Amino acid sequence: MLELAGRQLRSRLILGTGGFPSLELLREAIEASGTELVTVALRRIDPGMRGSLVDVLDAAGVELLPNTAGCFTARDAVMTARLAREAFETDLIKLEVIGDERTLLPDAPELLVAAEELVDDGFTVLPYTNDDPVLARRLEDVGCAAVMPAGSPIGSGIGIANPYNVALIVEHARVPVVLDAGIGTASDAALAMELGCDAVLCASAISRARDPVRMARAIRAAVEAGRAALEAGRIPRRRYAEASSPMHGLPELSGGPVE
Amino acid sequence: MTASVNGEPREVAAGTTVTALVVELGLPAGGRGVAVAIDGEVVPRAEWGTREVDEGARVEVLTAMQGG
């Protein structure tokens, strides 16, 4: 059971809803993923939009995690969070403050300012952050309910560029760590869990896969496998072999007859 | 009179409330999944029924989109 932001979640996979070609595929992927928490963005209404995203998500029985995607300043992110709270009647917010258009990596100083302001305003803040152990600690110190380091840039599918840093964040965190962004395929999600992350947030790897529903199933299994492996305790790495069959009791098979 | 709704000029009758505007835009009056800001300030849902859209107001009407 994952305890995140005061909730008890059976699934350690949080699904991003971005990039699914249709609401029907999104619905099927939610079901296949087993997720209980999904992200949504807030945008100007689109008169041409068919079907209601919120209706689909409500029917799937998942909780909404609104994001502040697209915000480049603390001020815009705080405003977007307040609008999201009105729209979705939730104090949960996935805080994103982007600092660079090409990499979409977080703007650390703005992120910290926004996190502190939103915590003070009563939000349960889940910040999308760099894989920086010091920044993660600062976010925790201002009262964030989790830290969500990027494995690599959003939508890149590179996987976890710096497993050492992610392990450091996990080692020192007193709040849940959610590996957010960069997952490309199932093995990346398994690695995140083996490194000790409490959950994985994944959008593009599923939504832009050739078969999103099948990938949702694969990443679900990977998250479960990685978690189980962590709990089981991996063997240490060695430089040389350690025989797994006993060396004693070997028969004498070479050489001629005994003289 | 004219207000700006999501960056486009829009004719609104005097006395139009936020609720009325939301319904005009084809959204449910209850507004689940919808948020409104006027001149850069959030309009809490509890005030939609009484808050009027003034001449020249900059209104943003937002809703859930796939993302994140």
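This is a predicted model: local features need pLDDT of at least 70, side-chain atom pairs count only at pLDDT 80 or more; totals for chains, interfaces and linings use all residues.
View 1. For the complex, the predictor reports an ipTM of 0.90 together with a pTM of 0.90.

**View 2. The contact between chain A and chain B.** Chain A contributes 24 residues to the contact, and chain B contributes 20 residues. On the side of chain A that touches chain B, at least two residues come from each of strand E4 (37–44), helix H2 (53–60) and helix H3 (74–88). By residue class, that side of chain A consists of 14 nonpolar, five polar and five charged residues.

**View 3. The fold of chain B.** Chain B contains one helix and five strands, which follow one another from the N terminus in the order β-β-α-β-β-β. The average pLDDT of chain B is 90, and 100% of the residues score at least 70.

**View 4. Dimensions and burial of chain B.** The C-alpha trace of chain B spans about 35 × 25 × 20 Å along its principal axes. The radius of gyration of chain B is 11 Å, which agrees with the value near 11 Å that a compact globule of 68 residues would have. Of these 68 residues of chain B, 29% are counted as buried.

Technical notes:
Residues are numbered from 1 along each chain as its sequence is written. Chains are lettered from A and ligands numbered from 1 in the order in which they are written. Two residues are in contact if their C-beta atoms, placed from the backbone, lie within 7 Å. Helices (H or I, at least four residues) and strands (E, at least two) are DSSP runs, numbered from the N terminus. Ala, Val, Leu, Ile, Met, Phe, Trp, Tyr, Cys and Pro count as nonpolar, Asp, Glu, Lys and Arg as charged, and the others, Gly among them, as polar. pLDDT is the predictor's confidence in each residue, from 0 to 100. The radius of gyration is taken over C-alpha atoms; the globule rule is 2.2 Å times the number of residues to the power 0.38. A residue is buried if 20 or more other C-beta atoms lie within 10 Å of its own, exposed if 12 or fewer, and partly exposed in between; C-beta atoms are placed from the backbone.
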